[in-house]
Amino acid sequence: MTNFGRSQKAEAKKSQLLLQIVDARRRFTPSSGLAAAQDSSKSNVDEGIPVAPDVVHLVDDDPVSIAQERLVQRGNTLATEKRMDRTNTHKLIVVGASAGGMQALKRLVAQFPADLPAPVFIVTHLGPDATGDALVHVLDEAGPLQCHHPTDGEHFTKGNIYVAPSDRHMLIEQSAILLTSGARENRYRPAIDPLFRSAAVAHGNRVIGVILTGYLDDGTSGMMAIRRCGGICIAQHPEDADYADMPRSVVVNVGVDHCVPISSMGALLSELSRQEAAEDVPPPEDVVIEARIAQRVLSDLPSVEALGDQVPFNCPECGGVLWQIKEGDLLRYRCHTGHAFTSGVLLAVQSAKIEETLWTALRMFEERQNLMATMSTRPDGKSSKVLAERTKDAQVHIERIRAILLANEIPYWGSARITTVVN
């Protein structure tokens, strides 16, 4: 961002803060004091001092200035008093991204207007040791909206961007953000599905879900929950994505209201966030159960059994039994401790486990072969025919394992193609 851009952004944020102060004055200042302040404002304009409409200048000992300072120190503004509920008209934008997500998010955030009438919640896959501060800094500099990691229990407001911190699921309640250490979903924490589901349950038809570039299919189940609760579904066009798996999975398995490139998404979101919400739809019970599991309110056998049928697979995270959940053509799996996987992610995890096991087997066969080769020669120089034969057999097994490891197999989900794009 250029110095000019930073200056514009700073001025916009300053004007927004001043307007909030004026709102506070109107509530706390007697009418006579307000009139005097407005006269002062007009005189400043006459003197050529640029003042935002209805903005007044406050002296240091003004009680409203003191109140405003205290609010800023708490990390909130007076706007947080107007908390969101299911009956108001404010929209929420939830965004999920993975591989290639930083550049995609940067391009998207740069398009948001300063008066975007919705809060924006972002989950991108992070390792447990990553802080995510670099992403927050990039997004904060990219556009006019403020961006930060939320704290647990923080009340959200429109026109702000909230990025999930590492190793925590970010969930949404009626007016606040929850950060939990719940079980990983699709191998990640934070994961996209828990954010999308919690938003769908709490805010229903006012949720706008966005899925961007990434591997596999995290976000597909969450987007399905948004659709079932009456929200709007948007996917980055797979041909525009650096990694097309995630948006392609949403398009194929869920169906979307809009499938557009990043360059068109900012204007679309701004327009949709200003429209009236569609008819409110009560959240389905299974979506509510899964949202509560992510909050750690539920984590027991009855809650999981209500979602699907037990299958003879084991959870790769904890070793527990898995239950199979069907959502249209999408297959998912859950264990009773809370871990969740789509069929594509479960297959990828199993493939990784098999590869790890094969490398271990290769190492053990090679060590065994070397040991037998050493033992096959006796001190008197005579060879043991039995050990020599076993050494040759071990070489056969070693070559077979190497051939499997060197095989360049393409996963089934990597060959999927979009059949329909809904505009």
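If you want a spot to look at, find Tyr333, whose bridge partner in S13 is Phe341. Keep in mind as you look around that this is a predicted model.

## The antiparallel sheet

That pair belongs to an open sheet of four strands, in the order S10-S11-S12-S13, with antiparallel pairing. The strands at the edges are S10 and S13 (340-342), and each of them pairs on one side only. From one strand to the next, the twist averages 35°. As background, strands of a sheet pair through backbone hydrogen bonds, and they can do so in a parallel or an antiparallel way.

Now walk through the sheet from S10. Strand S10 (residues 309-314) and strand S11 (residues 321-327) run antiparallel, with four bridges joining them. Asp309 stands opposite Gln324 in S11, and Val311 has Leu322 of S11 as its bridge partner. The hairpin of S10 and S11 has six residues between the strands, and Gly319 there takes a positive phi near 85°.

Next comes the step from S11 to strand S12 (residues 330-335): these two also run antiparallel, and six bridges join them. Here Trp323 has Arg334 in S12 as its bridge partner. S11 and S12 make a hairpin too, with two residues between them, and Gly328 in that turn has a positive phi of about 65°.

Which helix lies across S11 and S12? That's helix H7 (residues 220-228), and H7 runs at about 105° to S12.

## The parallel sheet

There's another open sheet to find, built from seven strands in the order S3-S4-S2-S1-S7-S8-S9, and here the pairing is parallel. Its edge strands are S3 (146-148) and S9 (258-260), each pairing on one side only. Ignoring direction, neighbouring strands of this sheet are turned by 20° against each other on average.

At the S3 end, S3 pairs with strand S4 (residues 160-163) in the parallel sense, over three bridges. Look for Gln146 there: its bridge partner in S4 is Asn160.

## Helices on the parallel sheet

Helix H6 (residues 192-203) lies across strands S1 (92-97), S2 (120-124) and S7 (207-211), and H6 runs at about 165° to S1. Helix H9 (residues 262-273) packs on the sheet as well, touching S1, S7, S8 (232-236) and S9. The direction of H9 makes about 165° with that of S8.

Most residues other than glycine have a negative phi, and most peptide bonds are trans. With that in mind, have a look at the loop between strand S6 (177-180) and H6, where Pro190 sits. The peptide bond from Arg189 to Pro190 is cis, with omega near 10°.

Asn186 is in the loop between S6 and H6 too. Though not a glycine, Asn186 has a positive phi, near 55°.

## Empty space inside

Rolling a probe the size of a water molecule over the atoms shows where empty space is left. How many cavities of 30 Å³ or more does a search of the whole structure find? The search finds two, and the largest cavity holds about 40 Å³ of space.

Which residues line the largest cavity? They are His169, Gly182, Ala183, Glu185, Ile293, Ala294, Arg296, Arg334 and Gly338. Sorted by class, this lining has three nonpolar, three polar and three charged residues. You've come across one of them already: Arg334 lines the cavity and is also the bridge partner of Trp323.

## How confident is the prediction?

The mean pLDDT of the protein is 79, and 73% of its residues reach 70 or more. Over residues 24-87, though, the pLDDT is below 50; beyond near neighbours in sequence, this stretch has 73 contacts in the model. Residues 410-423 also have a pLDDT below 50, and that stretch has 23 contacts in the model beyond near neighbours in sequence.

Notes
Residues are numbered from 1 along each chain as its sequence is written. This is a predicted model: local features need pLDDT of at least 70, side-chain atom pairs count only at pLDDT 80 or more; totals for chains, interfaces and linings use all residues. Side-chain values use heavy atoms; hydrogens and water are left out. pLDDT is the predictor's confidence in each residue, from 0 to 100. Contact means heavy atoms within 4.5 Å. On a 1 Å grid over the protein atoms alone, a cavity is a set of points where a 1.4 Å probe fits but cannot get out, and a pocket is an open set with protein on both sides within 12 Å along at least five of seven lines; lining residues have an atom within 4 Å of a point. Grid points are joined across faces, edges and corners, and a volume is the space filled by probe spheres set on the points. Ala, Val, Leu, Ile, Met, Phe, Trp, Tyr, Cys and Pro count as nonpolar, Asp, Glu, Lys and Arg as charged, and the others, Gly among them, as polar. Two strands pair if DSSP finds at least two bridges between them. Axes are lines fitted to C-alpha atoms, for helices over the stretch in contact, and angles run from 0 to 180 degrees between N-to-C directions.
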